[in-house]
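Please read this briefing with the sequence and the 3D view side by side.

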Amino acid sequence: MDTNRLVDIVTDLIDDDEISIDDASFNYVETPFFDSLFILSMIAVVDDEYEIVLTGQEIQDAATISKLASLIEAKTNWPSSFICVGISSFFLVFRENLII
């Protein structure tokens, strides 16, 4: 995962010359710009760039660009043809309409 691209994305979303984002350890949650508009914008940009959907809570919990990159990478590497559904303590794995 290229964290430099995420640094650029967060820099564009914050759009303030007074805040310097030097690396992926930057904590975007601690900025005054972290609000619902930032979260919605991040959801849209990540969906557009990486074709995955993050929740607002996931973006807030990640807090730093490096953790966000790890989350995106984990979701990107998850096999898209599998859907796991938890029922009680059992998991059914569906793939192409077959129960395995």
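Thr-64 sits in the loop between helix 3 and helix 4; helices (H or I, at least four residues) and strands (E, at least two) are DSSP runs, numbered from the N terminus. The model is a predicted one, in which local features need pLDDT of at least 70, side-chain atom pairs count only at pLDDT 80 or more, and totals for chains, interfaces and linings use all residues. Residues are numbered from 1 along each chain as its sequence is written, and side-chain values use heavy atoms, with hydrogens and water left out.

**Thr-64 and its surroundings**

- Thr-64 has a relative accessible area of 12%, so this residue counts as buried (under 20% relative accessible area, with exposed meaning over 50% and partly exposed in between; 1.4 Å probe, protein chains only).
- The side chains of Thr-64 and Ser-66 are joined by a polar contact of 3.3 Å. A polar contact is a pair of N or O atoms within 3.5 Å; within protein, one must be able to donate a hydrogen and the other to accept it, and residues adjacent in sequence count only if both atoms are side-chain atoms.
- Setting aside neighbours within four places in sequence, Thr-64 is in contact with Ala-24, Ser-25, Phe-26, Asn-27 and Tyr-28, where contact means heavy atoms within 4.5 Å.

**Salt bridges**

- The structure holds 2 salt bridges (a side-chain nitrogen of Lys or Arg within 4 Å of a carboxyl oxygen of Asp or Glu).
- One of them is formed by the side chains of Arg-5 and Glu-49, at 2.8 Å from N to O. This pair links distant parts of the chain, with Arg-5 in helix 1 (residues 3-14) and Glu-49 in helix 2 (residues 36-50), 44 residues apart.
- Arg-5 is partly exposed, at 29% relative accessible area, and Glu-49 is partly exposed, at 36%.
- Glu-58 and Lys-75 also meet through their side chains in a salt bridge, at 3.1 Å from N to O. Here too distant parts of the chain are linked: Glu-58 lies in helix 3 (residues 56-62) and Lys-75 in helix 4 (residues 65-77), 17 residues apart.
- Glu-58 is partly exposed, with a relative accessible area of 22%, and Lys-75 is partly exposed, with 29%.

**The whole chain**

- The protein chain has 4 helices and 3 strands, in the order α-α-α-α-β-β-β along the sequence.
- Of the 100 residues in the protein chain, 26% are buried.
- Among contacts between residues at least 6 apart in sequence, 46% join residues at least 24 apart.
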